[in-house]
Amino acid sequence: MYLCSMELIKKYFPELTEQQTKQLYALDELYHDWNEKINVISRRDIDNLYEHHVLHSMAIGKLLHFKPGTQILDFGTGGGFPGVPLAILFPECQFTLIDGTGKKIRVAQEVCQAIGLTNCTPIHRRGEEEKGKYDFVVSRAVMPLPDLTRMVKKNIAKEQRNALPNGIICLKGGDLQEETRPYKRIVQVQALSEWFQEEWFKEKYCIYLPL
């Protein structure tokens, strides 16, 4: 499974260092082991970890190459997605991962510790309790975009440092017309199928909303 999975990742991210490759490789055994204790990924889906969760999370890195020093909040991270793969991909950026479910955050904490991921801090915290300021908030299908925007606009820093203005970058699927309608003049919707050839990525999107 390692060769197949890592070949898939390296197909789209050929510039990975040896350290990044080792960290990504380690995720397979770690998440399989933890999933037996705490159900953070559907048991039917855990064998698709790299395609459906790791590569899916790393899609955000195709939209924007975060500059060193960028501060990113992963809102509703669950067991560490998209934050953990992104923290591996961008080791010079700082990631804070929050989720209201303590047992899921514990998995993210243990995974980060096991692979020596020092730029990633998972915290058991609800979104309304988060007071920090970040360049970007990232998420995977946590809630409708208008609800997410209301929740995290307080957390977007004013100072700009990246090629895109600060805001929200989230991964979603299906028909997004209704939830993106309030922002139709500024929202950017990118089809993942333009980046990744696998069938699973059809009708899946990366949404960027400047705030």
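**Salt bridges, sheet and buried sites in a predicted model**

Asp147 forms a salt bridge with Arg150, and their closest N and O atoms are 2.3 Å apart; the term stands for a side-chain nitrogen of Lys or Arg within 4 Å of a carboxyl oxygen of Asp or Glu. This is a predicted model, in which local features need pLDDT of at least 70 and side-chain atom pairs count only at pLDDT 80 or more, while totals for chains, interfaces and linings use all residues. Residues are numbered from 1 along each chain as its sequence is written, and side-chain values use heavy atoms, with hydrogens and water left out.

Because Asp147 and Arg150 are 3 residues apart in helix H7, about one helical turn separates them. Helices (H or I, at least four residues) and strands (E, at least two) are DSSP runs, numbered from the N terminus. Asp147 is partly exposed at 32% relative accessibility, whereas Arg150, at 54%, counts as exposed; here buried means under 20% relative accessible area, exposed means over 50%, and partly exposed lies in between, with a 1.4 Å probe and protein chains only.

The whole structure holds 9 salt bridges. Among them is the pair of Glu178 and Arg181, whose side chains meet at 2.6 Å, N to O; Glu178 is exposed at 60% relative accessibility, and Arg181 is partly exposed at 43%. Another joins Glu130 to Arg125, with the closest N and O atoms 2.8 Å apart. In this pair Glu130 is buried, with a relative accessible area of 2%, while Arg125 is partly exposed at 26%.

Spanning residues 145-152, H7 lies across strands E1 (71-75), E4 (136-140), E5 (167-173) and E7, and runs at about 150 degrees to E5. Such angles run from 0 to 180 degrees between N-to-C directions, the axes being lines fitted to C-alpha atoms, for helices over the stretch in contact. The sheet itself is open, with 7 strands in the order E3-E2-E1-E4-E5-E7-E6 and mixed pairing; two strands pair if DSSP finds at least two bridges between them. Strand E3 (120-124) and strand E6 (188-191) stand at the edges, and since each has a single partner strand, one side of each is left without a neighbour in the sheet. From one strand to the next, the twist averages 20 degrees.

Asn162 is buried, at 11% relative accessibility, and a polar atom of its side chain lies 2.8 Å from the backbone nitrogen of Lys67. Apart from neighbours within four places in sequence, Asn162 is in contact (heavy atoms within 4.5 Å) with Leu64, His65, Phe66, Lys67, Thr70 and Phe136.

Technical notes. Polar contact = N/O pair within 3.5 Å; in protein donor to acceptor, adjacent residues only side chain to side chain.
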